[in-house]
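This briefing goes through one protein model in short points. Read it with the sequence and the structure open.

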Amino acid sequence: MALIAMITGFLLILIGLYGALSNRNILRMIVAFSVANTGVNMVLVAVGYMKGRTAPILDEAVPAAEAAARIIDPVPQALVLTAIVIGVGVTALMLAYAYKLYQKKGSLDISEHTELKW
Amino acid sequence: MIKRLTLLLLLAGIGSLFAGLVMTYVPDETLNLTASYYAERTAEDLGAANIVTAIIVTYRGLDTLGEVTVLFLTAAIVGLVLSQSRGRSQSTGRTQDNMASEDELTPPPTTQRQLPPPGELLTTGTRLLLPLILLFGAYVFSHGHLTPGGGFQGGAILASAMLLLLLSNPARRFGHRLITLVESTAGISFVFIGILGILLAGGFLDNRILPTGTFGELFSAGAIPLIYTLVGLKVGAEFSSMLVSLSETEEL
């Protein structure tokens, strides 16, 4: 189960990289980066998964005394929670810069923006 | 053609690296040292039922403060970049998107593209759903120590209410003043609670400045619900300000 999620995550990273490198349109590149970001998050969550265990929330089903033997690793989940939020911020920044570039050149084609090309 | 070939070669290389990682991956049988410490000590020390929340708000609280700061910077930069470009486009007269009167709904000037009025269904639906979405967001961030959820998720839900408002009437303009006020108040209170932790309890952002209460109840886990409420308000305000900044670029 964790293996499927992990392979899917790695595939999403590859798809995102392919999309970001092969598209000329800036908006499509941003979408591709979001896909790759989702892939990274999936891989991280899959690493924390352990067979036959449950979510790291203590209640009647998972008493605190036997928590260490019943729950999955909570650290990757906390990490991914952070990563998702930062991912949203990065996407918003990319969109803002894309708007700015569009305003300057009237085009979202990356080959029109040659200032940093060498 | 040669570009595409290089790209495929590059992806094949990265893919083989990933394949090596997957092939040799052996899932852990037991929790590692850090995770088992968190699993064993959380309920006893902090009184929080959700261990992920305990890690984010208390054990790694400083990181969360940094994360919130990164979000704040992002929102500020988005606002800065977009407001600069708005000012320039006004001066060159390319757009007339300059109705930034605060806190009130300005009708789009008649010279511009006329938007069709939002339908009755959308208006009524927004009015019906908005309080429910806000209530759900508040529920999610105030129960962060008991259920899956917390400040970041609840804040995103609050911002989705803002998104619904903007979708139902794209010409609506919000004052940035209220958003900034909520955001800065929440941020300062977050740091203040952290400093109280140094004075009254074990260290910065220690949640035991308030009694940990009965395990599993709403008013338990010390300052965690308080901190997560502040984080929720702050994240909601930051996402809202990004949404408002992006929506103001729309040329009506």
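This is a predicted model: local features need pLDDT of at least 70, side-chain atom pairs count only at pLDDT 80 or more; totals for chains, interfaces and linings use all residues.

In which helix of chain B does Ser247(B) lie? Ser247(B) lies in helix α8 of chain B.

**Chain B as a whole**

- Chain B has eight helices and zero strands.
- Along the sequence, the pattern of chain B reads α-α-α-α-α-α-α-α.
- Of the 252 residues in chain B, 45% are buried.
- Among contacts in chain B with a separation of 6 or more, 69% join residues 24 or more positions apart.

**The interface of chain B and chain A**

- On the chain B side, 54 residues are in contact with 43 residues of chain A.
- About 4,000 Å² is buried between chain B and chain A, and carbon and sulfur atoms give 76% of this area.
- The side of chain B that touches chain A takes at least two residues from each of α1 (2–23), α2 (33–46), α3 (51–59), α4 (61–92), α6 (151–168) and α8 (224–248) of chain B.
- With twelve residues, α4(B) gives the most to that side.
- By type, the residues of the side of chain B that touches chain A are 34 nonpolar, eleven polar and nine charged.

**Nonpolar cores**

- In soluble globular proteins, nonpolar side chains tend to be buried together.
- The largest nonpolar core in this model has 50 residues.
- The residues with the most contacts inside this core are Ile56(B), Phe152(B), Phe190(B), Ile227(B), Tyr228(B), Val231(B) and Phe239(B).
- Both chains contribute: α3 and α4 (74–105) of chain A, and α2, α3, α4, α6, α7 (176–200) and α8 of chain B, each supply at least two residues of this core.
- The element that gives the most to this core is α8(B), with eight residues.
- Ile56(B) touches residues of both chains: Ala78(A) and Leu81(A) on one side, and Gly61(B), Thr64(B), Phe152(B) and Tyr228(B) within its own chain, leaving aside residues up to four places away in sequence.
- A second, separate core has 13 residues, including Val140(B), Ala161(B), Leu164(B) and Leu166(B).

**Ser247(B)**

- Is Ser247(B) buried or exposed? Ser247(B) counts as buried because its relative accessibility is 14%, under the 20% cut-off.
- A polar atom of the side chain of Ser247(B) lies 3.0 Å from the backbone oxygen of Val244(B).
- Leaving aside residues up to four places away in sequence, Ser247(B) touches Leu166(B) and Arg173(B).
- Leu166(B) is also one of the residues of the second core.

**Tyr49(A)**

- Tyr49(A) is found in the loop between α2 (26–48) and α3 (67–70) of chain A.
- With a relative accessible area of 31%, Tyr49(A) is partly exposed, because this value falls between the cut-offs of 20% and 50%.
- Which residues does Tyr49(A) touch, not counting those up to four places away in sequence? They are Met1(A), Ala2(A) and Ile72(A) in chain A, and Tyr25(B) in chain B.
- Tyr49(A) and Pro76(A) are 27 residues apart along the chain, and their C-alpha atoms are separated by 9.0 Å.

Technical notes: Residues are numbered from 1 along each chain as its sequence is written. Chains are lettered from A and ligands numbered from 1 in the order in which they are written. Side-chain values use heavy atoms; hydrogens and water are left out. Contact means heavy atoms within 4.5 Å. Buried area is the accessible area (1.4 Å probe) that two parts lose on being put together, summed over both. Helices (H or I, at least four residues) and strands (E, at least two) are DSSP runs, numbered from the N terminus. Ala, Val, Leu, Ile, Met, Phe, Trp, Tyr, Cys and Pro count as nonpolar, Asp, Glu, Lys and Arg as charged, and the others, Gly among them, as polar. Buried means under 20% relative accessible area, exposed over 50%, partly exposed in between (1.4 Å probe, protein chains only). A polar contact is a pair of N or O atoms within 3.5 Å; within protein, one must be able to donate a hydrogen and the other to accept it, and residues adjacent in sequence count only if both atoms are side-chain atoms. A nonpolar core is a set of buried Ala, Val, Leu, Ile, Met, Phe, Trp, Tyr and Cys residues joined through side-chain atoms within 4.5 Å.
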